[in-house]
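Thank you all for making the time this morning.

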Amino acid sequence: AKRHTIDYAHIRPLGTPHNGPDHVSNMLSLCPNHHRQFDRGAICVDPNTWEILAPHGSTPKVQPKLHVHPNHKVSKTELGYHKKLWKL
């Protein structure tokens, strides 16, 4: 049987210098590959449209929208921070 894993990625990194909150609103559930891409700035999520942006060589540069469960209140502030951090 295939095993699938889910990582919980912090949107704004924890610790100095970012000091992101260790709260569910600052987390995304991603597969391990997308978690690494997110942490390295290869992908980000537009905080207004939920579109997944992959500006570094992906075609198209805008991917499908992030699926957000209605009970998961993802911080748009932290998504904006992540996007600005990587100058995306």
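Let me begin with Trp 50, which sits in the loop between strand E3, residues 44–45, and strand E4, residues 51–53. Please keep in mind throughout that this is a predicted model. Trp 50 has a phi of about 65°, a positive value, although the residue is not a glycine.

If we set aside neighbours within four places in sequence, Lys 76 is in contact with Pro 47, Asn 48 and Trp 50. The C-alpha atoms of Lys 76 and Asp 46 are separated by 8.5 Å, although the two residues are 30 apart along the chain. Lys 76 itself is partly exposed, with a relative accessibility of 43%.

Trp 50 also turns up in the contacts of Leu 79, which, with neighbours within four places again left aside, touches Ile 11, Leu 28, Val 45, Pro 47, Trp 50 and Val 74. Leu 79 brings us to the largest nonpolar core, which has eleven residues. Its members are Ala 9, Ile 11, Leu 28, Leu 30, Phe 38, Ile 43, Val 45, Ala 54, Leu 66, Val 74 and Leu 79.

Now to the other loop I wanted to show, the one between strand E1, residues 7–10, and strand E2, where we find Pro 17. The peptide bond that joins Thr 16 and Pro 17 is cis, with omega about 5°. Asn 19 is found in this loop between E1 and E2 as well, and its phi is near 55°, again a positive value in a residue other than glycine. Is Asn 19 buried or exposed? With a relative accessible area of 53%, Asn 19 is exposed.

How many disulfides does the count come to? The count comes to zero. Cys 31 is in no disulfide, and the nearest cysteine sulfur, that of Cys 44, is 16 Å away, whereas a disulfide would need the two sulfur atoms within 2.5 Å. Cys 44 is likewise in no disulfide, with the sulfur of Cys 31 as its nearest cysteine sulfur. In terms of accessibility, Cys 31 is partly exposed at 26%, while Cys 44 is buried at 1%.

Finally, the largest pocket, whose volume is about 240 Å³. Its lining consists of 13 residues, and those that lie nearest the centre are Leu 30, His 34, Ile 43, Ile 52 and Leu 66. Among these, Leu 30, Ile 43 and Leu 66 were also named in the nonpolar core. Strand E2, residues 27–30, and helix H1, residues 32–39, each supply at least two residues of the lining, and the largest share, three residues, comes from H1. What is the make-up of the lining by class? There are eight nonpolar residues, five polar residues and no charged residues.

That is where I will stop, and I am happy to go back to any of these places on the screen.

Key:
Residues are numbered from 1 along each chain as its sequence is written. This is a predicted model: local features need pLDDT of at least 70, side-chain atom pairs count only at pLDDT 80 or more; totals for chains, interfaces and linings use all residues. Side-chain values use heavy atoms; hydrogens and water are left out. On a 1 Å grid over the protein atoms alone, a cavity is a set of points where a 1.4 Å probe fits but cannot get out, and a pocket is an open set with protein on both sides within 12 Å along at least five of seven lines; lining residues have an atom within 4 Å of a point. Grid points are joined across faces, edges and corners, and a volume is the space filled by probe spheres set on the points. Helices (H or I, at least four residues) and strands (E, at least two) are DSSP runs, numbered from the N terminus. Ala, Val, Leu, Ile, Met, Phe, Trp, Tyr, Cys and Pro count as nonpolar, Asp, Glu, Lys and Arg as charged, and the others, Gly among them, as polar. Buried means under 20% relative accessible area, exposed over 50%, partly exposed in between (1.4 Å probe, protein chains only). A nonpolar core is a set of buried Ala, Val, Leu, Ile, Met, Phe, Trp, Tyr and Cys residues joined through side-chain atoms within 4.5 Å. Contact means heavy atoms within 4.5 Å.
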